[in-house]
Structures are given as C-alpha cells and as structure tokens.
Amino acid sequence: MDLVQLQRQFVDYRTSLYHEGFLDEQFTQLQELQDENNPDFVVEVVSLFFEDSERLLNELARALEQQSIDYKRIDAHVHQLKGSSSSIGAQRVQKVCIAFRNYCEEQNVEGCLNCLQQVRHEYSLVKTKLESLFQLEQQILTAGGSIPM
Amino acid sequence: MESCNCIEPQWPPDDLLMKYQYISDFFIALAYFSIPLELIYFVKKSAVFPYRWVLVQFGAFIVLCGATHLINLWTFTVHSRTVASVMTTAKVLTAAVSCITALMLVHIIPDLLSVKTRELFLKNKAAELDREMGLIRTQEETGRHVRMLTHEIRSTLDRHTILKTTLVELGRTLALEECALWMPTRTGLELQLSYTLRQQNPVGYTVPIHHPVINQVFSSNRAVKISPNCPVARLRPAGKYMPGEVVAVRVPLLHLSNFHINDWPELSTKRYALMVLMLPSDSARQWHVHELELVEVVADQVAVALSHAAILEESMRARDLLMEQNVALDLARREAETAIRARNDFLAVMNHEMRTPMHAIIALSSLLQETELTPEQRLMVETILKSSNLLATLINDVLDLSRLEDGSLQLDLGTFNLYAVFREVLNLIKPIASVKKLHVSLTLAPDLPEYAIGDEKRLMQTILNIVGNAVKFSKEGSISITAFVAKLDTLRDSKAPEFLPVLSDNIFYLRVQVKDSGSGINPLDIPKLFTKFAQNQSTGTRNSGGSGLGLAICKRFVNLMEGHIWIESEGLGKGCTAILIVKLGMAERVNESKLPYMPKMPTNHGQTAFPGLKVLVMDENGVSRMVTKGLLLHLGCDVTMVGSSDECLRLVSHEHKVVFMDICVPGIDSYGITIRIHEKFTKRHERPLLVALTGNTDKVKKENCMRAGMDGLILKPVSLDKMRSVLTDLLEHRVFFEAI
C-alpha cells in the first residue's frame, strides 16, 4: 500500500477509536506531548499502562479469591487502575473502574467479580486496538512518511 | 794788599765804623756757622729728606761765607801775608761753592716748587676721599635701615601690622615728627587717613583723590616734596612753629585681580595709597637725597608686603569658604542618603504590602469569576478584576520606575534567542490586533543573529510596550515590525547627538522599527512622550488606559542597554514610527547544552514557557506519574519524580519551585506532608508551592487543602494548555485553586 493510503487508513482507524469511546482527549494530549525529544513518549506510556494494568488485574483476581476479602485493598487497586486508565485516556476502562469502586464500597462481592470481568474485557479490547494503531504507525514511518495529527 | 770784598775805606780807619763792621762780621760768621748746624741737626732729626746733597752744598757755602767773614775780621788791621792767603783761599773756595750751589739751585728749585704743588694736590685728594667716605657710610647706614625696616615689614603677613611697623620704623629711622598713610576708599574717589604714627586712632578723615598735588605724587614713583599746607599734610594741629618739610610717596596697591602671571598690571589700573612723612617742625632739617631714596625703597617694599598679605587673606578666605561648603555638602549628602534610604525602605515595605492585598484581590476575584454569578454580579466582578489588574500594573510600573531612577536596577544579562523574543511579542499582540482588525507583520533581517546576550525580559517588555502602543493608537490599517542589525552610518544619523555608539567585535546594535498607520502624533508633542505621567491628551484616546509610564520605563531600559529610542511622526493622522536601537552582545553559535534556560528543549518546538523550572511530582500511580512528567517536560520544566511521601520529604529542597502532589490516593497523608513541608521551610520565599492533584470534585477536599496550607489544587486530567496556564498563574500569584 502506498503512503497516502496508509496515512488515510491510520487516521480513519484512530477516529473510529475515539468514536467508539475507546480513547478520549487525554490520548490526544499524550500525542501532543510527543516531540523530537520524546519520540516514543506515547508508546512508552502505553506500555507502562499495559504492564501496570496486568499486574493490577492479577492482584485483583487474587484478592477476590480470598476467603475474607480485603475491600480496602481492592479499592486501592481499582483506584490505581482508574487513575492509570484516565491518564492515558482509556475511557471505557475508566468507566468500569468507577462502577467497580462503587461495588467495593458496598462490599458487593458479586458486583466486584462482575466488574473485574468487565475490566478485563475492556482492557484487552483497548490493548488490541492500541497495538494495531501502533503497528500502523510503524508501517507509515518505515514507508518514510510522517504521522498525521 | 789783596782787595777783599769789603769796601776799602777811603778815609782813615774810623774806630767806630771799624768796630761796627767788626761786630757785624762776627755775628754774620756766627749765624753762618750756626745755620748749617741747625740744618744738620733738624735733618738728622727728620728721617725723610731727599735733598741732603743740596743741604751739604748749602752748608758748605754758608760755612765758607762765614769763614770769609770771620777771616775778614783779621783784615781790618794790618795783617800778614798768611792771613791774606787764607782769606784768598777762603774767598776762592766760597766763590766756587756758591757758583756750584747756584748752578744746583737751578735744578732744585723747580723740584721744590713741584713738591709743593703735589702736596696741595694730595691734600685736596684727601679731602675728597674723606667726603666720599662720609657718603658711603651714610649710604651704608641707609641700607642698614632699609634692611631692618624690610625685615620688620616682611616678618608679618598681617596687613595692619605691616603698615604700623612701617610707620614706626620710618619714624624712628628718619626721626620724623609725623608719618601717615592715606588709603583709597572703596569707591576710589577719596583717600582716607588710615594709619598715623603719633595719633593712636585716626579719625576717618577723607580727602578727595583728584587733588593736583596728589596726582603729582601718584604720577611718579619718587618721593616728592610737598607743601605743608596741602590737605594731606595737615596732620598736626597748626602750631606756632614752622612746620617741617613734608615728603609724600605713592604706595602701589596690587589687587589680586590685577595680578596675572603673564602680564604685569597696567599702571593705569593701579590703585595707590599715599604715605606722608613730616620732619620735625622748626628743626631746620632738610630732606637729604639718601633719605628720600630710603623712603622710596620702603614704599616699594610695603607694596610687595601688602600684596602678599592680600594674597594670603584671599587664600584663607577661600579655604574657609571651601570648608564651609564641604560641611554643607556633606550634610546635604547625608540628608540625601537618609532620604534615599527612607524611600527605599518605604518602597520595599510598600512593594510587599501593596502586592499582597493586590494578589489576594486578583486571585479571589478570578476565583469568584468561576463561580455561579448573576449577570450583574459577573459584571461587577469583571470590573473589579480589570481595575485590580490595572492597579497591579501601575504599582509594578511605579516600583520599576523608581528602581530605574535610583540606578539600582541592573540588567539581567544572559544568552537568549532573539528570534523567539520577536515571535513571542507577535503572539502576544496578535489577538488584540486581530480584534481591532489590524494586520501585524514581522520582518527579521537575515543577518540578524539568532542568539544574543542581553536582558531578555526587559527587551521583550520594551518591544511589547512599543508594539502595544502602536496597536493601541491605531484604529485601522497595519503595523509592521522590522528588526535588523544597525550599521555604523545608520547609527550616526539617529537623532541623538549624545548617542555615541562604540563598535567592537562581540557586540552589535539591534535596530527595531515599529511603523503603524494610526493616529500619529503632533511633532511638537514628541519630546513629551518619554516623560513620566505625561500622556498625549489630544486625540481622545484617554480611555485607552495606561498611566503614561510605559514609554518612560522603556526609555530607561533602553538607556541601560546603552541604546536610544525615539519616535518619528509626520503629524496627526499620518501614523508614526517608533525606532529603538539597543546594544546586545554577540553570542557564539551556542551549543544547546550551554543555553542556561533550555536544558532539554533545544529548538522552539512548542512553547517552553517555564524553562528550567524545578518541579517535584509525587504520585503513586506509575502511569499518571509518567504522564504528568511528560506534560511538565514538554513545558520545559526540570522534573523530579517521587513515588512516596517519604521520598518526597527527603528530596524536596528550596530549589524546587512547585510540588505536585496526588492527594486522592488513599494511604498518602497529603495534608501531613503539607504540614511537614511548611515546617521544613519557614521562609516563605524558600518554600515550594504545594499543589494538589486530584480526580475528585469535592468541595470538602478543597477546603481541607486550603486549610492544610496548600497553595493550589487542580483537577485531573490536566491538559497541556491547562498545565501551562496553571503554572503561569501559580508562579505569578503564588496561588491557584481550580473551581470545583
């Protein structure tokens, strides 16, 4: 595929992500922070997010398997996850976290487990989407073009 | 019988006659014998007698004559042949000797006569020498008197002493009856009796100066005999005696102003005093020449001594005056210093005192603006904000100007990007210009160096002020800003005779021209433009705001930068051009790392508004920490990341200007940290600003933050623009609470 088409495909894909609520303006902000000095800023942040989230999700799973659930700890983890996702603009993940926290407050195990599942689902979705987006970016760059804003 | 010289008696020898003859002959013989004896005796007595030989001859002649007469005694009676022969021998000898003597006398008598003449001559000579000796002695005497007088006169520099001494010594030396000195009055038209010898305090007796006698005395430098009836000589009460002879002499008075080194004072401008000397009355003494000479010499000496005294008086007076002036100046200087110190103290206090309430007003008004207000309330708050902003600007301007006047303002020199300054100005002015539909264009000359050394902030302030004025006073049209390196000839023709640019290798002169097509300025008003508080009232732009200080401050800054600023306008309605020339240092093609203010951002990609600002970010969440860090890095800050409160407390220092704390993480006691940081930095200007980052919208939390002592609160997510404006506000007002 030639460069212009690649770029058009990239832009369309990105716009769709926004439309579908996977990403919000925060992600745009991140992109604005990327410049010659920090050329891989977005990738770095997103990778960090992936690591962090994986870790947190595991922790949450383990915590919810306990006999006596430590809601405070769960709340702390969910709070972290909410913070991370809102930092990079993973909107849908963030929304689920908010609901999760409510259930935590209510100390509703069922609700929590449900939320955990949802979070996991949303997370993997956004992860896949972001990975494809980065792949497209890479293709454009190797073709010698520049990323359209 | 041989005939003798005696007369032969014709008649028979008379006894009486014979007797008489006999006796006479005897006495003649006696005399004739005794005279040589006497002569010999006296000659022997006197050592010097050159004519001894003559005496001997004379003696022989006399002796022989005596012998003849003695022998004659025997010839009266009949005498023998022996007697006759003896007589003959005696007579012959006598004849011989007398002839010889007679012959000798012919030689001797003229000699003897000339001795007499010589003797007379020598006597005359001796008399003459005596006379001359007398004269020399007199002169020596006079000289001694003069020296002594001079010594007396010159031994003091006090005018009165000099004059008094002169009179006393003269009186003594010449045995005067009265001696007086007449000085000219200040008007120069009269002579006043100033000093006399006998009278203790002379009354202020004056005499007009244009008297023939006085003129005569003044016109010659000799002592002149004057009549005792002359007004200046009438010093003693008229007595019954014949007044003695009076002599007057002039005494030149040299004034300081007449006394130039290179040209001696002209005689015509000289002032003279008159000294009158009176011999004792009825002493029949006459003024001798040597006495007159003495008087003349003394008069000259007095003149010199007086001039010295005058010079000394003058210099003493000048020195006293200087000392007085010094004291006065010292006092004035100390007073001025006190005044300046008082003013500085006042300003320092007022600076702080005025700014604090201002900031409170501005901050709280802007916060108030964010709340829910009715339209009228909103209008009121806006007015409050606008007024307080104006007031803050005015305060800053006044404080700046006073610091500038003081000379205590110094430029902050640093290397900066010149192009960036212009771009920034343009960006700042574009919104306003576009509202007024003015077109702004910026032209930078290609040879303008990109980097320069100077005071960036003040340069920008100056250019912004000028451009702002251009925009302010133009209702329509366009503004053009051009900047280029000024060449030497263009420098010279700038309209400032006192502006003397000095070119050297590592400096250059930046010339900025801002041309607008606005209302123009009356050329007569141009000089007033740069004076403080004088605003151009004529064109009805009175409500454009500003206090009239802007241009004055610009001028001061430009002067500090060793440059010149002026405005040209062809008249009202014809627009005007503001031109400024400043001296900047040439920066070498600088390496990014050398630039002090941009540690990580070499080119102007995005606006690095907070270069080098040291910031501490505390956030437990790795991702959000990274995002915040990215944000701040992008804005040019120097970011330190910490993940826990302990680390935060450990790493926080007075170098950090802002600390961002994420407070919505449970398990971190942000308030505790706040209090601990407050404790750690007691001085307000050392403590970093503490800003809370939170995702919650919670009024209670906000109040807690304020109470705990935080300086700000912002909501996550923070966009780039938001962070930029937050930091700007924060650094200016030291407080920023986002509206929740």
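This is a guided tour of a predicted model, stop by stop, for use in a viewer.

Before selecting anything, note that residues are numbered from 1 along each chain as its sequence is written, and that chains are lettered from A and ligands numbered from 1 in the order in which they are written. Because the model is predicted, local features need pLDDT of at least 70 and side-chain atom pairs count only at pLDDT 80 or more, whereas totals for chains, interfaces and linings use all residues, and side-chain values use heavy atoms, with hydrogens and water left out.

Start in chain A by selecting A:His79, which the unreviewed UniProt entry annotates as "modified residue: Phosphohistidine"; UniProt positions are in the numbering used here, with feature names shortened, and annotations may be inferred rather than shown by experiment. A:His79 sits in helix α4 (residues 71-88) of chain A, where helices (H or I, at least four residues) and strands (E, at least two) are DSSP runs numbered from the N terminus. Its relative accessibility of 10% makes A:His79 buried, the classes being buried under 20% relative accessible area, exposed over 50% and partly exposed in between, with a 1.4 Å probe and protein chains only.

Move to chain B and select residues 20-41, 53-72 and 92-113, to which the unreviewed UniProt entry gives the feature "transmembrane region". Residues 53-72 of chain B are 100% helix, with end C-alpha atoms 28 Å apart, and residues 92-113 of chain B are likewise 100% helix, with end C-alpha atoms 31 Å apart.

Next, display the open sheet of six strands in chain B with the order β3-β2-β1-β6-β5-β4 and antiparallel pairing; two strands pair if DSSP finds at least two bridges between them. The edge strands are β3 (206-208) and β4 (224-226) of chain B, each of which pairs on one side only. Between β1 (residues 178-184) and β2 (residues 190-196) of chain B there are five bridges, and B:Met183 stands opposite B:Gln192 in β2(B). Helix α4 (residues 159-174) of chain B lies across β1, β2 and β6 (271-278) of chain B, at about 70 degrees to β2(B); axes are lines fitted to C-alpha atoms, for helices over the stretch in contact, and angles run from 0 to 180 degrees between N-to-C directions, contact meaning heavy atoms within 4.5 Å.

B:Glu169 is buried at 6% relative accessibility, whereas B:Arg172 is exposed at 55%.

Finish on B:Leu730, which is in α16 (residues 720-733) of chain B and is buried at 0% relative accessibility. Beyond its neighbours within four places in sequence, the contacts of B:Leu730 include B:Val658, B:Leu689 and B:Phe736; B:Val658 is 72 residues away in sequence, with the two C-alpha atoms 8.7 Å apart.
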